[in-house]
Amino acid sequence: MASVSTLFSADGELAKAISGFVPRQAQTDMANAVKSAIDNEHSLIVEAGTGTGKTFAYLGPVLLSEGKAIISTGTKNLQEQLYHRDLPLVKKALASRRKTALLKGRANYLCLHRVAQHGGNSTLVDKEVLGQLSTVRQWATTTKTGDMGELKALPEDARVLPLVTSTVDNCLGRDCPDYEDCYLVKARRKALDADVIVVNHHLFFADMALKDTGFGELIPEADAIIFDEAHQIPDIASDYFGESLSTRQLHDLSKDVTLIYRTVLKDAEQLDKAADKCRMIASDLRLLFPENPQRGNWAEALERDDVRAEVGKLAESLGVLHEVCKLHIGRDKDLDNLYERIVQAREKLDALSDNLQDGVSLWYETTPRHLIMHLTPLSIAAKFRHFVSSPPRGWVFTSATLMVNGGFEHFQRRMGLEDAKTLGLDSPFDYQKQAVLCVPRHLPEPNSFEMRNTLLDTAKRLIKASKGRCFLLFTSHAMLKLIAERLEHEVDNPLLVQGTTTKQALLDAYLADQNAVLLGTGAFWEGVDVRGSDLVCVMIDKLPFASPDDPLLQARIDDVKKRGANPFAVIQIPQAVITLKQGAGRLIRDPSDKGVLVICDNRLVTRHYAQTFLASLPDMRRTRSLDEVESFLSTIDDDEQ
């Protein structure tokens, strides 16, 4: 069996298997550190700059090790790429016989029982959903995996999906009549039998928090756990260590009760009446908040008489539904499961109604039709520290953006990983030659009204100089929309605006048109890999500080103040630095890439914390002159000619 060092050497297995493979010292250093973490069962945090080749640097040691490994990625796209492209490549190079498996969350798999439930019951769904249901049934006769991703004919947000997939709430587990044929069960069995399993962070933490009842056996088996895109973990983990309840869940619960009444227990009319009452009160609760989606402090909302009264009515209606269901326990397995869901919903509503709790944030968010109530712990460090320490195994956390101002303290503090070993690896790219960073002169204050015109003028100059081929990244949807609308009348280039279609469709359209300009917010700040001359300019409207009125951030700020620390330094700056690094990382993806990064925020020059941001960005050539930026873009164009 190869060693890590020979695997990554100039005449090693990877060089033989991959044409153009070039050994990189940083990649070998990371691979050796990962192997050591796995062998010695300790935790390792690695920031690997773009171009290090971090995916191979952890896949090599994982495939060379003996035990079972879980690799968790930030997104489904990265999960698919890792499993279908990178993992087979390294496995083939090593001639490894280790079994691999891809495991997604349950909402990605067809549920045979749910499809059967909606078999002849057309009265509960409209014409569009009926058409989609027909498409699903046809595909269900041919699929081997039940992976809904195979079904390209359906849109990503197809309304039929909740009817044909299961949730933790409505899954019957081993009591399901279709348990042995269940696609999720088959995928889980394959994963339990595999040596290397590729999951995503949401699935990992669902398992870890044991919310996914009946399927919590995956993680205890693993000898090594690798997190790629680890900068996303603190927020995702916080969600899973908390509680949430939405009016949508209550609607679905009520609909499922009605479905049982109409199809199985036709003599139990009280079920239908109690469910209908619960659904109406849940809808009334949503109507107490503004129509436009928003986030707010749930503890403060509970101090409103109308909200408190409606929550009381909701608790009462769930109590009635609970009593009615109790009368029919044992008559139908789906109803028995619904009874458990009602019990859980009541417990959650109780927890979410107590606005005097310490150490948690109570907050809410609304969608156009629903209200989601959240209880999120302010710190998961103690809980996660305990989880990592027992049983002993290798843990690796890696990303291109974990360090702030040259250190890992922010990430370590949030995750309780103070004892972990750390490794910072610079990108192998020559940023001084490949890229220019510009903070233009004479910028107004970021939140001033004049900033709109400045952003518009800057965007026009950059679009013209780069001939399209640029990303305009914004920190708010409002500014994105405003600039997009005004640019439409000022430039001839095709404008691709986030929100008009799916992220993947926008990227495909961008790559298909050399003159296109892409305008995006959060979704395009990370996980987007556009190489070569397709992207030569990234403009960022301002430093990505989280909105100060975000209720969860506000609760964390108050908590830090109580401990006598400075929340701006402890929370807001580090988070903004990591987000900015993600956005900047879209620009240079390859040793031959060239481009400019323009950040339209004078705080990068005027504020005392500017150095923290600048020190965390790649070492690009710096300028304040847009003329110089235009000149650099013209040299890129000349080189291509």
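## Terms and model

Two strands are said to pair if DSSP finds at least two bridges between them. The structure shown here is a predicted model.

## The sheet

Strand β1, at residues 43-48, runs parallel to β11 and is joined to β11 by five bridges. Because at least two bridges make a pair, these five bridges make β1 and β11 paired strands. Within this pairing, I45 has T422 of β11 as its bridge partner.

The two strands belong to an open sheet of seven strands with parallel pairing, arranged in the order β3-β4-β2-β5-β10-β1-β11. At the edges lie β3 (100-102) and β11 (421-425), each of which pairs on one side only. From one strand to the next, the twist averages 15 degrees.

## A helix on the sheet

Helix α5, formed by residues 76-93, packs on this sheet. The strands touched by α5 are β2 (69-73), β3 and β4 (196-200). Between the direction of α5 and that of β4 the angle is about 160 degrees.

The structure contains 29 salt bridges. One of them joins the side chains of R114 and D256, with an N to O distance of 3.4 Å. R114 lies in helix α6 (residues 112-117) and D256 in helix α12 (residues 247-263). The two residues are 142 residues apart, and the pair links distant parts of the chain. R114 and D256 are both buried.

## Salt bridges with partly exposed residues

A further salt bridge is formed by the side chains of E180 and R189, at 3.5 Å from N to O. Is R189 buried, exposed or partly exposed? R189 has a relative accessibility of 40% and therefore counts as partly exposed, since that class lies between the cut-offs of 20% and 50%.

D276 and R279 form another salt bridge, in which the closest N and O atoms are 2.7 Å apart. Both residues belong to helix α13 (residues 269-287), where they are three residues apart, about one turn of the helix. The relative accessible area of D276 is 31%, so this residue is partly exposed.

Conventions. Residues numbered from 1 in each chain as written. Predicted model: local features only at pLDDT ≥ 70, side-chain atom pairs only at ≥ 80, totals over all residues. Heavy atoms only, no water. Helix = DSSP H or I, 4+ residues; strand = E, 2+ residues; numbered from the N terminus. Axes fitted to C-alpha atoms, helices over the stretch in contact; angles between N-to-C directions. Contact = heavy atoms within 4.5 Å. Salt bridge = Lys/Arg side-chain N within 4 Å of Asp/Glu carboxyl O. Buried < 20%, exposed > 50% of the residue type's maximum accessible area, 1.4 Å probe, protein only.
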